[in-house]
Amino acid sequence: MSHAYRAIGWNRQKRIYDTVMLAGVAVYLALFVGLGTVIHPNATIETLLIRGFGTCALLLLHIVLIIGPLCRLFPRLLPLLYNRRHLGVTTFLIGLAHSVFAIIQFHGLGNINPLVSVLVSNTRYTSLANFPFQPLGLVALIILFLMAATSHDFWLANLTAPMWKGLHMLVYVAYGLIITHVTLGVLQAETSALLSGMLGVGMALVFGLHLAAAYRERIVDSPLRSEISDRFVAVCSVDDIPNLRALIVSLSGERVAVFKYDGKVSAISNVCQHQNGPLGEGKILDGCVTCPWHGYQYLPDSGAAPAPFTEKVPTFRVKVVGHKVFVDPTPNPPGVYVEPARIAEAALERSR
Ligand code: HEM
Ligand code: FES
């Protein structure tokens, strides 16, 4: 959390995550080059490395893109999301290795700057079969660099969350550029049925999972048609909220996480201050709402992170009448204390 910045807060989970990721990359590259020398005995080691690094970066980018929707659909996979930024940085570094080898191989021997050569050596922009696909890879690489360079929480705090989020949304532009880079590049090299097939499966997964996750979110966002009393809206029954967890409801277009704990109910914004993680999918640990993505914590009655941390989310007024839970849709400013609503003993007994 944002009390003080440290280069990287290593812990056991991050070490395991990174070890598995780096071992996976090493095994992939070793298999790609090893099998490549057997299947294509005429291919040079440089060609195999260019293709091995390129396809590895593409595979990692697919994993980065599908982790988000996968975790929305299957919360058990949330540990995958925890260190996704290291996956993104690794994608950039592997893409960089591919680009450096490709530039040396295809642009290193000319009499102009190799980077300029990437941009000007082929200008047949009107031809599909000979389209200059390499500049597309260069632009994608620049986007991946910007994202990797600003991935630390230091930049999240200093660029402000909306700007940081906007910058990181460029990952979809990079994805589109790389898909075009590969599709048009393959048209010009020998056609690889395996690469084309895998590209098709990868794109179907990325689009399909995003659509499925968006559909699920639409159900959460559907407006409540319920009883209104004194500005309070009936959102659910006490029994609908699991103990020490929340029910997410949509009020006036905003997602609100309604938590039940210690015989009380409190409501806070569902949006974590760190990277917009869904607080209502987390649970109450040590008396604090704990974000399921990276573990930022907030007190359920004030929406404020426990000292010395400084993050705050908006709170909402709540009341419980019998077993019904009511929430006032007007948010309080972040960090404003709201008296939790007590659940009557009879309703509590019933919900146990
Ligand atoms: C300056 C930037 C880049 C340059 C100059 C470049 C150049 C090339 C070249 C020349 C090829 C054809 C290689 C061959 O068929 O032997 C290629 C293919 C490819 N590139 Fe790039 N590239 C760049 C950036 C990227 C990035 C950032 C990615 C992914 C993150 C990427 C992914 C791929 C993939 C997956 C292939 C297909 C590999 C195959 O043919 O098996 N490229 N690139
Ligand atoms: S989004 Fe990272 S901790 Fe909530």
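**Close-up views of the predicted model**

**Figure 1. F154 is partly exposed, at 36% relative accessibility.** By relative accessible area, buried means under 20%, exposed over 50% and partly exposed in between (1.4 Å probe, protein chains only). This residue sits in helix α7, which covers residues 153-159. Helices here are DSSP runs of H or I with at least four residues, strands are runs of E with at least two, and both are numbered from the N terminus. If you look from F154 across to G282, the C-alpha atoms are 24 Å apart, and the two residues are separated by 128 residues in sequence.

A quick note for all views: this is a predicted model, in which local features need pLDDT of at least 70 and side-chain atom pairs count only at pLDDT 80 or more, while totals for chains, interfaces and linings use all residues. Residues are numbered from 1 along each chain as its sequence is written, chains are lettered from A and ligands numbered from 1 in the order in which they are written, and side-chain values use heavy atoms, with hydrogens and water left out.

**Figure 2. Two histidines coordinate the iron atom of ligand 1.** H98 and H181 each bring their NE2 atom to the iron, at 2.0 to 2.1 Å. Donors are N, O and S atoms within 2.8 Å of the metal (3.2 Å for Na, K and Ca); water is not among the atoms, so sites may look incomplete. The histidine pair joins distant parts of the chain: H98 belongs to helix α4 (residues 84-107) and H181 to helix α9 (residues 171-188), 83 residues apart. Both histidines are buried.

**Figure 3. Helix α1 packs against helix α4.** Helix α1 spans residues 12-39, and its axis lies 10 Å from that of α4, at an angle of about 30°. That makes the two helices roughly parallel (angles under 35 degrees). Each axis is a line fitted to C-alpha atoms over the stretch in contact, with angles running from 0 to 180 degrees between N-to-C directions.

**Figure 4. Two cysteines, C236 and C272, are buried.** The relative accessible area is 10% for C236 and 1% for C272. The structure holds zero disulfides, a disulfide being a pair of cysteine sulfur atoms within 2.5 Å. For context, buried residues make up 45% of the 352 residues in the chain, which has eleven helices and twelve strands.

Note on methods:
Parallel < 35°, antiparallel > 145°, perpendicular 65-115°, else oblique.
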